[in-house]
Amino acid sequence: RGTIATGYTASQLMMEAVRIISGYVKGTNCVTTILEHPSSFDAMKMYAEKYGRELRIAKANKETGGIDPSSILSLIDRDTAILSVMSASNISGYIMDINTIFTEARKINPNIIIISDAVQHAPHGFLDPEKFDIDVMNIAPYKFFGIRGFSIMYLSDRVSTLTHHRLLGKAS
């Protein structure tokens with residue numbers, strides 16, 4: 001299911017996805033973590049401000065170098081529009097418990113849009129965005145001996161059908 005989008009960089013794809021999604025989702029707040037890559041964190045901050053949403057930021061656990069699932073989940077409510085949590089931190093190397101985080105987030109708010117930057121994690125393990133009910137997940141092939149200047153992003157059906165830059169005479 002879903003769609004694959006391509007771009008020159010994973011950062012470009014992430015920023016564009018956050019921009020598009022932010023213009024369509026309903027909710028009063030967005031949730032992310034202090035360990036996010038700047039392409040996600042900065043886009044989340046910029047578009048939360050643009051659309052008048054509170055940006056809630058989960059703090060790092062100083063002992064593990066990660067983010068405790070409970071720290072993220074405590075920030076989510078029925079009005080959370082977007083949750084962005086990377087699969088593994090490019091700062092600390094910590095692998096997030098995305099199964100718990102995303103499963104429990106959907107229980108709090110079934111309509112939440114879930115984004116996961118998987119650039120750092122993709123070379124180290126299997127990632128299945130559909131298994132974890134992720135709406136947006138990006139990877140950068142250069143991280144695992146691929147070429148630079150090419151990146152891939154998975155988009156769920158509900159995200160891929162949002163209006164975006166495209167040729168209008170072609171199927172979306």
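User: Is serine 151 buried or exposed, and how should I read such a label?

Analyst: Buried means under 20% relative accessible area, exposed over 50%, and partly exposed in between, with a 1.4 Å probe and protein chains only. Serine 151 is buried because its relative accessible area is 2%. This is a predicted model, in which local features need pLDDT of at least 70 and side-chain atom pairs count only at pLDDT 80 or more, while totals for chains, interfaces and linings use all residues. Residues are numbered from 1 along each chain as its sequence is written, and side-chain values use heavy atoms, with hydrogens and water left out.

User: Where does serine 151 sit, and which residues is serine 151 in contact with, leaving aside neighbours within four places in sequence?

Analyst: Helices (H or I, at least four residues) and strands (E, at least two) are DSSP runs numbered from the N terminus, and serine 151 belongs to strand β7, residues 151-155. Contact means heavy atoms within 4.5 Å; beyond its neighbours within four places in sequence, serine 151 is in contact with residues including Ala5, Thr6, Gly7, Ala10, Leu13 and Pro141. A polar atom of the serine 151 side chain lies 2.9 Å from the backbone nitrogen of alanine 10.

User: What span should helix α1 have, and which of its residues are buried?

Analyst: The expected span of a helix is 1.5 Å times one less than its number of residues. Helix α1, residues 10-22, has 13 residues and should therefore span 18 Å, which agrees with the 18 Å between its end C-alpha atoms. An α-helix has 3.6 residues a turn, so residues three or four places apart point the same way. In α1 the buried residues are Ala10, Leu13, Met14, Ala17, Val18, Ile20, Ile21 and Ser22.

User: Which residues touch the most other members of the largest nonpolar core?

Analyst: A nonpolar core is a set of buried Ala, Val, Leu, Ile, Met, Phe, Trp, Tyr and Cys residues joined through side-chain atoms within 4.5 Å. The largest one has 22 residues, of which Ile72, Ile76, Leu83 and Phe102 touch the most other members. Two or more residues come from each of α3 (69-73) and α4 (98-108), and α4 gives the largest share, four residues. Not counting residues up to four places away in sequence, phenylalanine 102 touches Leu83, Val85, Ile114, Ile115, Ser116, Phe132 and Ile134. A second, separate core has 20 residues, among them Ile21, Val25, Tyr47 and Leu155.

User: How many helices and strands does the chain have?

Analyst: The chain has five helices and seven strands, and from the N terminus on its elements run β-α-β-α-β-α-β-α-β-β-β-α.

Note on methods. A polar contact is a pair of N or O atoms within 3.5 Å; within protein, one must be able to donate a hydrogen and the other to accept it, and residues adjacent in sequence count only if both atoms are side-chain atoms.
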